[in-house]
Amino acid sequence: LRNRLFVILFVTVALILGIFVLVIKEKPATSILENRSLAQLTPFSAASWLDGTFQSSVENTMADHFIGRDHWVRQYNMMQISLNTFMNKGMNWLSLANVSSPSNPNTQDANPTVGNQTGESTTDGTGNSSESENQPTGTSSPENKPSDDIMTFLQDLDDPKEAFNQSAQVNISPLTNQLNLLQIDNQKMLVKTSKIFDQKALDTTSQSIQFINQLKLDTSFDISAFFVQTPQESHLVYPTNNINSILPVIDQLDVPYDYLAINRPSDLLDNYYRTDHHWNHIGSYKGYRQIIKLLFGDEEAIKVPNQIVYFNSLEFYGSLFRLSGNAADIKPDILTYLEFSLPNYQIEIDGASEAQYGNLQDYLDDDAPNAIGFDHYNNLYENRQALITFETENSDADTLLVICDSMSNAIKPLIASHFHRTHFVDLELMKKLDPHFEVEEYMEDEDLDRVLFFLSFDNLMPGGSMQYAK
Amino acid sequence: VIIVAYYLVRSLSAKNLILFIGSIIFYAWGEPVYVVLMILSIFNDYFHARGIAWFQSHDKQNVAKGLLISSIVVNLGLLSVFKYGDFFLVNLNRLTGMSYDLLNLALPVGISFYTFQTMSYTIDVYRQKVQVQRNFLTLATYVAMFPQLIAGPIVRYATIEQELSQRQISWPDMYEGVKRFIIGLGKKVIIANQMAIIADAVFGMGYETRGVSLAWAGLIAYAFQIYFDFSGYSDMAIGLGRIFGFHFLENFDYPYISRSITEFWRRWHISLSTWFRDYVYIPLGGNRVRQQRWFFNIFLVWALTGLWHGAAWNFVIWGLYYATLLVIEKLWSIGKGRKVPVAISYPLTMLLVLFGWVLFRSETLFGIITYSLSLVGYFGNNPLVQWTQMNLIYLLPFYGIAIIGSTPLPNLIIEEQSRLKYSRIFVDLFLAAVFIISMMFLINSSFNPFIYYRF
């Protein structure tokens with residue numbers, strides 16, 4: 001009897017698990033937990049069978065819509081976290097004090113000038129003008145800092161908080177197979193597993209650099225490059241990822257370039273969200289300043305924020321927290337936003353006209369989704385898109401093509417405010433929108449003057465978006 | 001669904017039909033075009049074997065022999081074209097400086113397995129070891145049977161000849177089948193796939209950054225990966241076969257407890273080594289020939305064994321490596337009765353087997369050399385931080401599971417437990433836990449095909 005019971009139970013469970021997934025009609029399109037779209041069934045046809053797409057779609061659908069998938073994902077991550085915690089007990093896998101900091105050979109942080117705030121209407125970054133400038137945009141929900149804080153904010157950019165111990169020990173402990181937990185002076189931060197800076201990484205980076213150089217050789221475009229060193233590319237986090245090994249390759253660039261460096265522990269904590277892989281308002285503003293200095297050669301053009309908006313009512317658990325299956329033991333971030341006086345824009349996303357960039361108003365109205373792990377960074381600014389164009393009325397200004405990744409989301413309108421037309425292209429997504437996209441041809445077709453490569457170092461390496469550059 | 005349908009019908013021929021249709025759908029799921037090739041292969045051996053039996057019964061041995069040769073030529077021809085065609089052309093182009101176009105044919109899944117199965121059937125009919133199968137459906141069910149179709153074990157017709165036409169299916173058999181299937185699933189999903197993460201990371205990293213500790217960790221991980229992957233699949237195949245009333249022979253017998261290379265190959269991929277022994281080595285004369293010829297036989301068989309695993313030189317080198325080791329072992333022990341203490345023979349055997357996996361896994365000579373240099377510390381050591389950076393630390397406990405799982409210890413414990421009153425409950429709970437944990441791993445894993453799919 002026991003044999004029968006066991007066999008029948010096993011076959012029944014296998015049948016239910018297998019068939020249930022395929023017969024349910026309501027299949028969610030996205031997974032908030034994993035921040036990705038979920039597979040859907042491809043209609044059956046002889047062609048889809050023969051080329052294997054139908055079979056793949058069935059297998060992917062079964063995996064993506066498995067009964068209680070989120071629960072399984074969370075359990076899996078919790079298992080990994082428990083194993084890592086167990087392995088880490090009593091064993092200091094990494095002690096990184098006194099790791100020498102490489103210096104940024106190219107530039108130092110730019111000093112912004114205060115001003116350039118008159119004569120333009122204040123926008124909220126969505127293209128919608130508001131009546132006055134320097135007026136807090138938030139409602140009673142977001143807590144708006146007084147504008148006096150802007151001066152403190154600017155001072156802090158170049159002179160990090162003294163209270164913070166710059167020789168703090170950075171300890172890292174693994175959480176899951178994609179994620180580590182950093183602890184810096186008892187402050188926690190999540191960081192992705194890194195690519196190894198090996199010969200393959202250097203070779204691919206070199207190919208990315210050569211692509212830019214070749215573009216410079218073949219054309220008369222004004223080309224610049226700006227890179228972002230993210231925590232997982234920092235020697236402070238992973239000592240073997242010494243940025244000094246990548247810099248000589250980057251230095252082969254025949255065009256002006258700069259990068260946002262991580263030189264000290266405070267750069268990690270100050271510039272990046274602790275639960276998301278993107279930079280926060282401080283990091284993105286630092287990046288913006290360097291870009292403008294790079295593009296215009298002086299600091300006069302750098303815009304100064306009107307105010308910093310803190311969305312305190314939201315608990316921002318970012319992409320890295322989601323990577324842990326919402327299981328990492330870490331406090332949420334506070335979502336932040338810098339408000340600037342910006343011109344009116346005509347915005348197009350993937351060729352379609354759009355009234356706004358991102359969803360700032362929802363946040364100001366306290367109407368933003370508040371699910372744990374919701375992708376606020378991309379929702380506040382704008383989701384990753386293949387092509388976003390901004391056009392201002394300033395027809396005397398230059399036109400610019402920006403080859404970018406999602407780091408640019410936070411400052412796209414800000415960069416665009418300096419140009420007449422600005423086209424932001426995400427090469428990875430563009431591959432799907434226009435498989436024949438070529439930078440040179442696009443520049444000529446769109447009559448653009450300048451090109452800015454604005455990418456994380458990660459995207460120069462194997463698997464990065466520069467592999468799609470043509 | 002196939003299991004349910006299989007048990008809903010009563011007659012054996014209907015069961016065979018369901019099994020055949022299910023197997024064809026299963027194969028066509030992954031190979032919608034090459035399913036035709038497999039059916040042609042079955043037709044080839046069905047008609048050749050019928051012809052061989054007919055001519056033998058009419059005392060026309062020469063014609064029967066001709067048909068056998070014809071069958072082997074067709075089988076090996078298909079295998080040569082689809083598996084070795086481009087390998088041959090690439091090497092021909094290199095040697096002659098010509099530039100013949102490559103065939104660029106995709107390798108049909110499981111072709112090495114089903115070709116060897118059909119060949120063994122026809123040869124055994126010729127040797128009159130088995131009766132010719134007059135029912136095409138029965139033969140097709142044997143060849144296409146989905147549990148072992150794509151990654152073995154190589155089930156010989158003789159093994160299940162009786163069961164194809166007369167088999168008893170009992171609940172205890174089904175229970176044992178389900179149990180074996182779950183254990184195989186757990187081996188693959190819980191152990192092999194985790195070991196694969198380490199092995200892929202280490203073998204995939206730049207050689208200059210691969211220090212001695214990571215090199216050894218990656219190699220040991222790969223050794224466990226390939227064992228648990230392949231033996232896991234064999235367990236699942238044996239388990240599913242049992243559910244359908246078939247008893248396949250074992251394919252692995254704890255190879256990592258071997259104390260010599262000869263013993264290792266008695267325990268590893270048994271169905272392949274015995275196939276080569278019975279259909280190549282012994283017909284060549286085996287060891288009942290002059291010593292030089294004997295060693296030639298060994299080298300030929302092992303070169304073919306290597307080539308069976310893939311159309312690449314590293315597999316040939318891997319086969320010849322084992323041939324050399326086996327010859328050395330035989331020379332060492334012939335007539336001298338020498339015995340090496342376990343304390344030496346076991347670690348030495350494992351070291352040699354591990355180095356064999358370097359040859360097996362590295363796709364180029366450069367890869368073999370650089371990995372070997374990493375193993376002896378030529379590229380220095382890896383700091384512990386690299387383990388963190390590569391996020392491999394949480395996988396370390398899986399080495400422990402793999403070490404224990406590759407010995408007879410778990411089975412001994414289960415056997416010991418079975419004497420206790422409520423042991424079955426614990427075994428069932430253990431199986432349920434393995435199944436649930438496997439589901440969790442499966443849902444979270446990316447595509448992880450069985451290694452032996454590509455052979």
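## Helix and sheet in chain A

Contact here means heavy atoms within 4.5 Å, axes are lines fitted to C-alpha atoms, for helices over the stretch in contact, and angles run from 0 to 180 degrees between N-to-C directions. Helices (H or I, at least four residues) and strands (E, at least two) are DSSP runs, numbered from the N terminus. This is a predicted model, in which local features need pLDDT of at least 70 and side-chain atom pairs count only at pLDDT 80 or more, while totals for chains, interfaces and linings use all residues. Residues are numbered from 1 along each chain as its sequence is written, and chains are lettered from A in the order in which they are written.

Helix H15 (residues 439–446) of chain A lies across strands E15 (387–391), E16 (399–404), E17 (421–425) and E18 (450–456) of chain A, and runs at about 150° to E16(A). These strands belong to an open sheet of eight strands in chain A, ordered E10-E9-E18-E16-E17-E15-E13-E14 with mixed pairing, where two strands pair if DSSP finds at least two bridges between them. At the edges stand E10 (257–260) and E14 (352–354) of chain A, each with a single partner strand, so one side of each has no neighbour in the sheet. Strand E13 (residues 346–349) of chain A pairs with E14(A) in the antiparallel sense over three bridges, and Ile347(A) stands opposite Glu354(A) in E14(A).

## Two crossing helices in chain B

In chain B, the axes of helix H10 (residues 212–243) and helix H15 (residues 342–361) come within 10 Å and cross at roughly 85°. H10(B) is therefore roughly perpendicular to H15(B), a term that covers angles of 65 to 115 degrees. By class, their contact has 11 nonpolar, one polar and one charged residues (Ala, Val, Leu, Ile, Met, Phe, Trp, Tyr, Cys and Pro count as nonpolar, Asp, Glu, Lys and Arg as charged, and the others, Gly among them, as polar). Among the residues that meet are Trp216(B) and Ile220(B) in H10(B), and Leu351(B) and Trp357(B) in H15(B).

## A pocket lined by chain B helices

The second largest pocket is lined by 43 residues, of which Ile183(B), Pro410(B), Asn411(B), Ile414(B) and Phe430(B) lie nearest its centre. On a 1 Å grid over the protein atoms alone, a pocket is an open set of points with protein on both sides within 12 Å along at least five of seven lines, and lining residues have an atom within 4 Å of a point. H9(B) gives the largest share of this lining, nine residues, and the lining residues divide into 22 nonpolar, 11 polar and 10 charged.

Technical notes. Heavy atoms only, no water. Parallel < 35°, antiparallel > 145°, perpendicular 65-115°, else oblique. 1 Å grid on protein atoms, 1.4 Å probe; cavity = no way out; pocket = protein on both sides within 12 Å on 5 of 7 lines; lining within 4 Å.
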